[in-house]
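Hi there,

Here is the structure I promised to pass on to you. Please have a look, and then read on for what turned up in it.

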Amino acid sequence: MERKNMWEQYTDEQNSELEQLCSRYKECLDTAKIPTRSRKE
């Protein structure tokens, strides 16, 4: 039995919404990054 690929089932509008969500999530992750020191220091 072959499973359906749900990514192919989304409409253009839904794809656009997902892209916007991903962009906002990436921005959130970028904002939350904390600079780390090198372990050699």
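Let me start with Tyr-10, which counts as partly exposed because its relative accessibility is 33% (buried means under 20% relative accessible area, exposed over 50%, and partly exposed in between, with a 1.4 Å probe and protein chains only). This is a predicted model, where local features need pLDDT of at least 70, side-chain atom pairs count only at pLDDT 80 or more, and totals for chains, interfaces and linings use all residues. Residues are numbered from 1 along each chain as its sequence is written, and side-chain values use heavy atoms, leaving out hydrogens and water.

Tyr-10 also belongs to a ring pair with Trp-7. The structure holds 1 aromatic pair: the ring centres of Trp-7 and Tyr-10 are 5.6 Å apart and the planes are at 65°, so the pair is edge-to-face. (Rings of Phe, Tyr and Trp, the last by its six-membered ring, pair if their centres lie within 6.5 Å; planes under 30 degrees apart are stacked, over 60 edge-to-face, and the rest tilted.) Trp-7 itself is exposed, at 61% relative accessibility.

What about the cysteines? Cys-22 is partly exposed at 38%, and Cys-28 is partly exposed at 46%. The count of disulfides (cysteine sulfur atoms within 2.5 Å) is 0.

As for the whole protein, 0% of its 41 residues count as buried.

Best wishes
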